[in-house]
Amino acid sequence: FKVWCSRAVCIVWLRLPVYCTGVWCWELLTCVLSQGAYLQSDVFEDTAVLCQRVNKQVAEVFCSPETVMAKLIQSIFENKLQNHVKDKLEESRKSDAEQYLKNLYDLYTRTTALSGKLTEFNLGSDKQTFLSKLIKNIFSTYLENYIDTEREYLRSRSAMILQRYYDSKNHQKRPLGTGGIQDLKERIRQRTNLPLGPSIDTHGETFLSQEVVVNLLQETRHAFERCHRLSDPSDLPKNAFSIFLLLVDHLCVDHIDYALEIGLSAIPSSDAKNANLYFLDVVQQANTIFHLFDKQFNDHLMPLISSSPKLTECLHKKKEVIEQMEVKLDTGIDRTLNCMVGQMKHILTTEQKKTDFKPEDENNVMIQYTIACSKVCAYVGRQVERVRKSMDGKNVDTVLTELGVRFHRLVHEHLQQFSYSSMGGMLAICDVAEYRRCAKDFRVPLVLQLFDTLHALCNLLVVAPDNLKQVCSGEQLTNLDRNLLHAFVQLRADYRSSRLGRHFS
């Protein structure tokens with residue numbers, strides 16, 4: 001019966017004079033054809049179902065069905081859909097930016113999806129342009145300043161996430177890089193080992209939060225998704241870059257860089273005792289964050305800018321930011337290694353006795369190695385594990401190589417402060433053998449080679465005077481500077497009495 005009525009109305013409509021088939025007639029026709037539609041709450045789904053149903057009826061009744069379908073769809077877009085979009089967006093536009101952006105993205109996405117479904121109908125020669133104009137008429141007011149709303153929301157949301165974190169730590173952010181004598185002193189202290197006042201005690205807090213990072217990245221990812229959908233293609237690279245700059249400001253500068261500055265300020269001087277070297281924890285967390293940052297850059301930003309001139313600008317900005325942070329990480333690691341070596345030196349200074357290597361009773365030495373050696377090796381072992389947990393990839397070998405070289409230099413210089421009896425020389429060899437065992441944990445060939453050579457040098461402390469020249473020409477010592485060999489031989493208690501200097505004259 002409904003189909004019969006619709007056909008009757010359409011036949012009457014067709015027989016009307018041309019001057020009568022105006023706007024009100026199209027509205028009447030739309031009203032008739034729309035009977036029984038829009039009974040659900042989903043206007044987009046209802047529109048798709050309606051057009052699918054009406055398309056067949058129009059084809060049977062009208063001699064120009066494409067014109068009728070186009071007019072029907074135009075009427076639906078300009079009335080039903082436009083009113084629906086306006087109602088949804090206007091209520092949140094001024095009061096709730098987050099909800100407004102979500103609604104705008106959802107409505108625009110569903111409208112374009114509906115447009116895709118409608119292209120299966122015959123709407124005339126250029127239906128793509130026709131449907132695009134209808135969509136533009138609905139959303140142009142909202143899209144022309146979309147990116148301003150997006151950036152303002154992302155800026156305020158990111159600032160709130162950061163502030164909420166620092167409030168939870170009961171931490172008032174310190175102004176950094178503000179100039180003045182204090183800032184100058186801090187920068188000098190960070191780049192040298194000069195004692196320009198006490199370091200900051202952060203009680204082991206890194207001021208880096210993976211939860212904060214995930215929240216910032218998630219907000220930015222949503223912004224990139226909306227930007228991709230809602231930006232004009234010609235503005236997309238520029239808009240995506242502006243979102244990226246906000247991520248750099250809040251994640252890299254306000255969070256990571258701030259934590260690095262605080263971490264550097266908290267590194268104690270190299271002569272501090274029992275220092276808490278928590279900067280390696282900062283390094284570990286910063287590395288994790290860098291990976292997450294890089295992944296978002298590749299997964300969500302690159303597709304939006306890869307074919308535009310903005311690509312070069314983005315890559316340059318990313319490189320600049322990472323290099324600035326790497327400088328601070330390198331500075332902090334270098335000063336942390338200095339602190340480690342300082343702690344080793346403190347152990348050796350306080351635990352090593354001169355009588356260790358020149359015992360009063362040569363026949364009553366019962367230990368395998370000295371207490372000082374044992375404590376240093378235990379300390380070094382813990383630091384090696386900390387470095388492994390804090391670094392990844394080639395950075396592990398790079399840092400352990402540097403630590404190993406400094407460790408060797410310290411032991412080498414330390415051993416040259418004593419005079420060695422025959423039994424003391426044997427104990428020194430045992431100590432160096434233990435240091436060499438400790439050096440194996442570094443898994444760095446250079447470090448092990450250095451301690452192998454030091455072990456060979458210590459043999460000069462105990463070798464029989466007549467065999468000294470032969471040992472100096474051995475495989476491990478033959479390429480060393482003779483002044484270095486002579487310096488070790490001079491440490492022997494019998495150097496003068498056995499006239500050992502003649503072997504180097």
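## Exercises on helix packing

Helix α9 (residues 210–230) packs against α11 at an angle of about 5°, and their axes lie 10 Å apart; axes are lines fitted to C-alpha atoms over the stretch in contact, with angles from 0 to 180 degrees between N-to-C directions. The model is predicted: local features need pLDDT of at least 70, side-chain atom pairs count only at pLDDT 80 or more, and totals for chains, interfaces and linings use all residues. Residues are numbered from 1 along each chain as its sequence is written, and side-chain values use heavy atoms, leaving out hydrogens and water.

**Exercise 1.** Work out how α9 and α11 are oriented to each other.

*Solution.* Start with the angle of about 5°. Angles under 35 degrees count as roughly parallel, so α9 and α11 are roughly parallel to each other. Next, look at the contacts (heavy atoms within 4.5 Å): residues of α9 including Val213, Leu217 and Phe224 meet residues of α11, among them Ile289, Leu292 and Phe293.

**Exercise 2.** Find where α11 bends.

*Solution.* First take the span: α11 (residues 279–305) has 27 residues and reaches 36 Å from first C-alpha to last, close to the 39 Å expected at 1.5 Å a residue. Then locate the bend, about 35°, at Asn298; the bend is the angle between axes fitted to the seven residues ending there and the seven starting there.

Definitions and conventions: Helices (H or I, at least four residues) and strands (E, at least two) are DSSP runs, numbered from the N terminus. The expected span of a helix is 1.5 Å times one less than its number of residues. Angles under 35 degrees count as roughly parallel, over 145 as roughly antiparallel, 65 to 115 as roughly perpendicular and the rest as oblique.
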